[in-house]
Amino acid sequence: MADAFEMIDATALLALLDGDGEVALIDVREEGVFGARHLLSAGNVPLSKLELMIGDLVPRRDTRLVLCDGGEGLAETAARRLAGFGYSNVAVLDGGTEGWAAAGYELFSGLYVPSKAFGEFVEHAYGTPRVTADQLKAMMDGGEKLVVVDSRPMSEYRVMNIPRGIDMPGAELVYRIGEVAPDPDTTVVVNCAGRTRSIIGAQSLINAGIPNKVVALENGTMGWHLAGHTLEHGNEKHIASVTPATEEEAVSRAEAVGSRFGIRRASVDQIKAWGSETDRTLYILDVRTAEEFAAAHPAGARHAPGGQLVQSTDAYISVRGARVVLFDDRKVRALMTASWLAQLGWQEVYVLDHFAAGLGLETGPRSPLMLGGLPGDVPTLGAQAAKAAMEGGATLLNLSRSLTHRETHPEGARFAIRSRLSEDMAALGGGAVIVMAPDDRQALLAAAELQAAGLEASVLVGGLDAWKAAELPLAAGMGDPLSPTDDVYHRPYDRSNKEEIEKAMNDYLVWEIALVEQIKKPGGVTFKHWD
């Protein structure tokens, strides 16, 4: 039987990406490998997580979908699997990344590169003002009236923050800034870990026309650390609520930004009509906080905090040319996020015009859509039973991210990557295998594949959380990994000692600043300068 996909060469792919129709370009290698060398327009959906990611990122089964890898055959494996899920318009890039490079097109390192390149473009195009770490320290020491707002999610802010900094993720800035800087004489300093979210956050406030002086902290917490200043750790300072007066002013400012960038509104009836179309992709994204999303959100919407959606667009929407509808019952975060997506080149971005009740409401967090169904004949074990099986000689395989495994894992567990299990099985030496993962569904799929290869395999239900709840022994470090630990692209803070961290910080900042020139090469991207 012939494969249900075709091969496409680099030149034809570039023409497809430059065209007007919908297309999704997906690299199916592990994140660490992808981050080292990939096409700029590619999103990353590792083969090991394909069933749990592709349905949300490429929801329409006849979307033009191009898969790529490094030429090692992973894309062909993914294409056959996708055909089984009903994807009918799939191609594989001939020669993978090296075929692209051989055709004279640029390859990029890093993650979320289009968004980070866009941040550099914004700073150049709009002249976003900035201060260095030393200048900010002098402002603090001199008693200047200022507030530092950290535009990262709480999970990142909690790890390290600039002294006096308050967590206020990117899309929340215009909505909440009035609560911390009501006096126009207060200077607002926006920071992130590096550059992009500092720049976009500061420019958001400037675009919104707040009367305060606004600056980005050059190079963020990395720049602060490299300048020899002390960071704080473990803080959770944030603005939990917004007064009616602050909200009213924020709405007015965001409405003006939406008008400037031509952001259109979509009614409930219009969205329902779009949802019934079979030839266009529709994304409905809730850009509010996780707490607001869990309390109530439009049926079918996914959570995509506005700041992160701009910072890492390819992690949320993979189909170029798709319709994107943003939801925020206060409008501010949706309008500000939409303004940036429009500048990033998304031509059909809309804000839901009224509250979502007409679409139906859902509550609670949302699990990623899974394709293909679950195997029904895989044995499952509780934590105590898994521990007893290990004492009897079974091997526990941990499919979590290698950084998570390094931080903590069940004592005796071995790190593994699902898509590598067939290659790594020889190292198992036979015997029973127990699989655990952050999502039990991934563990069940992996265990079924091991069973098909002739091994006795079961699943530790609840994974690490269940193991901790049973108060069983934990360990740190990588131990004896079964698979190579290239599943993660390491950030500077992921290094193991001060010298490595600081070198990685400097390398990262040099790389990020250089993106504004690199994207001009063939295979790059052009951003529009809005007046």
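**Entry 1: Ser419**

I began with Ser419, which touches Glu30, Leu47 and Ser48, leaving out residues up to four places away in sequence (contact means heavy atoms within 4.5 Å). This is a predicted model, where local features need pLDDT of at least 70 and side-chain atom pairs count only at pLDDT 80 or more, while totals for chains, interfaces and linings use all residues. Residues are numbered from 1 along each chain as its sequence is written, and side-chain values use heavy atoms, with hydrogens and water left out.

I found Ser419 in the loop between β22 (414–415) and α19 (421–424); helices (H or I, at least four residues) and strands (E, at least two) are DSSP runs, numbered from the N terminus. Is Ser419 buried or exposed? Ser419 counts as buried at 18% relative accessibility (buried is under 20% relative accessible area, exposed over 50%, partly exposed in between, with a 1.4 Å probe and protein chains only).

**Entry 2: Ser198**

Next I looked up Ser198, which sits in helix α10 (residues 196–207). Ser198 is buried, with a relative accessible area of 1%. I noted that a polar atom of its side chain lies 2.8 Å from the backbone nitrogen of Cys192. Setting aside neighbours within four places in sequence, Ser198 is in contact with residues including Ser151, Val190, Ala216 and Gly220.

**Entry 3: α6 and α16**

Last, I checked a helix pair: the axes of α6 (residues 113–126) and α16 (residues 332–344) come within 11 Å and cross at roughly 95°. I used lines fitted to C-alpha atoms over the stretch in contact as axes, with angles from 0 to 180 degrees between N-to-C directions. On the α6 side, the contact is made by Pro114, Ser115, Phe118, Val122 and Tyr126, and on the α16 side by Trp340, Gln343 and Leu344.

Notes: Polar contact = N/O pair within 3.5 Å; in protein donor to acceptor, adjacent residues only side chain to side chain.
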